Amino acid sequence: MDEGKMDENEWGYHGEGNKSLVVAHAQRCVVLRFLKFPPNRKKTLEEILQHLQNIVDFGKNVMKEFLGENYVHCGEVVQLPLDFVKQLCLKIQSERPESRCDKDLDTLSGYALCLPNLARLQTYRFAEHRPILCVEIKPKCGFIPFSSDVTQETKRRVCRYCMHQHLKVATGKWQQISKYCPLDLYSGNKQRMHFALKSLLQEAQNNLKIFKNGELIYGCRDVCSPVADWSELAHHLKPFFFPSNGLASGPHCTRAVIRELVHVITRVLLSGSDRGRAGVLRRGPSPRGPHVCEASPFSRSLRCQGKIPPERSGLPKDCLLYKTLQVQMLDMLDIEGLYPLYRRVERYLEEFPEERKALQIDGPYDGAFYQKLLDLSTEDDGTLAFALTKVQQYRVSMTAKDCSIMIALSPCLQDASHEPRPVVPSSGSRLAFSVSVLDLDLKPYDSIPHQYKLDGKITSHYSKAMRAEGAMLSARFQEGEDCTLVLHKV
């Protein structure tokens, strides 16, 4: 990329999160990722450059080791003309969701990350003339805490995501509670995985987006986004799954296409195409933690029918979901057990602030940092070293809990025998695919107190909501005490 010849008209708004904003090139398969800051918070050029370089180093030295080289794209730091950045900022401002405009794009440093556009191009180079479908999933945390430090019994039965849904709806973040439960997706059981993916399609929130040739065609940017339209989505997807089929439009066609999408994504998520070292962390989810979330609508429905929900079939150890789950489970103590260790590190830093760099709180995220993450001991010997290791492991686990998985699909050429990429069959076609992970910035050390408070807030709100729901059901039952039950002979 020639940084000296940048034209803002060749770039378009692609999306943004809490801390960065992404623009995509109209022709080339690259994106630029800019940092975002509150209006009153300024950083020096050196701080911004180091921040971006830390993102690259953490991806290369840590997440690539855990997840596998083909899944992780680190990119490179580039410096752009300031005039280009300012004009680009003005150009895209009207496209930004209102809920994200509390922070401004960094227009003062000129630094950005240049990365492949995973919505159009994956690890392998797809031919440009072929259409590309890309599904972005943010699966969230796939296990229930198993630490003895957990004090709230609710946390041992209900996953964090399902509890957090109630708080988000109550505070107006989303309009209704999603039926999606991460434990269903991570179960490896196809029935549960299908239900989880359909739930994401029904209520995408910020956990699912679908792109066609790099353009967002399905997904929810904020609470004001329109209600999901499956018939319109099916219209976009039909050429990928039923290219030569005379399938008519209408509800039957829509259901068939959505079903095919769900089945194909499930097959891809259960496939394995790269080697990472997450297997050295753990041999799978701890048997002490339940594999079914009590709040999952899938599980609740089966229990109402008197059936026992299928726990899990187990994820293949070479698939990305399995590796992601193992990294998530570096959180062995839960935030309740971790917070006192964080306070131990804080007390040390208050006494010796000059040691922050030596402790690698803010980097460098190199091979030595990675090696320390492999210490899975949970016996606290009272040392600073133990506390620091658990704090760093927690930060890495939180990163894995908030990452996104990008699945790119492209129709195979007629001679599929020469297809260099892995292929997944669908009912009416064969699709080459590739899988990548993004949103792999290491979670900040300074966010741990916020996470501790948020955990308590989520659990408290959910417990109150369940008590209120129980009281309402009890009242309804009492109102109907005078009813008559009639039994018919069969």
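Which residues does Phe241 touch, not counting residues up to four places away in sequence? In this predicted model, where local features need pLDDT of at least 70, side-chain atom pairs count only at pLDDT 80 or more, and totals for chains, interfaces and linings use all residues. Residues are numbered from 1 along each chain as its sequence is written, and side-chain values use heavy atoms, with hydrogens and water left out.

With contact defined as heavy atoms within 4.5 Å, Phe241 touches Leu133, Val257, Glu260, Leu261, Val264, Ser426, Gly428, Ser429 and Leu431. In soluble globular proteins, nonpolar side chains tend to be buried together.

Val396 is also among the contacts of Phe58, together with Met63, Tyr365, Phe369, Thr399, Leu440, Asp441 and Leu442, again without residues up to four places away in sequence. Phe58 lies in helix α1 (residues 45-67); helices (H or I, at least four residues) and strands (E, at least two) are DSSP runs numbered from the N terminus. With a relative accessible area of 1%, Phe58 is buried, the classes being buried under 20%, exposed over 50% and partly exposed in between (1.4 Å probe, protein chains only). The C-alpha atoms of Phe58 and Asp441 are 7.4 Å apart, although 383 residues separate the two in sequence.

Six strands form an open sheet in the order β9-β8-β7-β10-β12-β11, with antiparallel pairing; two strands pair if DSSP finds at least two bridges between them. On average, neighbouring strands are turned by 30° against each other, direction ignored. Strands β10 (residues 404-411) and β12 (residues 430-438) run antiparallel and are joined by eight bridges. Within β12, Ala432 is the bridge partner of Ser410. Helix α6 (residues 230-241) packs on the sheet and touches β7 (133-137), β8 (208-212), β9, β10 and β12, its direction making about 125° with that of β9. For these angles, axes are lines fitted to C-alpha atoms, for helices over the stretch in contact, and values run from 0 to 180 degrees between N-to-C directions.

The structure holds 11 aromatic pairs, defined for rings of Phe, Tyr and Trp (its six-membered ring) with centres within 6.5 Å; planes under 30 degrees apart count as stacked, over 60 as edge-to-face and the rest as tilted. The rings of Tyr339 and Tyr452 are stacked, because their centres are 4.1 Å apart and their planes stand at 5°. This pair links helix α10 (residues 334-351), which holds Tyr339, with helix α13 (residues 448-479), which holds Tyr452, across 113 residues. Ring pairs join Tyr339, Tyr342, Tyr445 and Tyr452 into a cluster.

Salt bridges (a side-chain nitrogen of Lys or Arg within 4 Å of a carboxyl oxygen of Asp or Glu) number 18 in the whole structure. In the pair of Glu16 and Arg96, the closest N and O atoms are 2.9 Å apart, and both residues are buried. Asp455 forms a salt bridge with Lys155, with a closest N and O separation of 2.8 Å. This pair links Asp455 in helix α13 to Lys155 in the loop between β7 and α3 (160-170), 300 residues apart. Both Asp455 and Lys155 are buried. Salt bridges that share partners join Lys138, Lys140, Asp402, Asp439 and Lys443 into one network.
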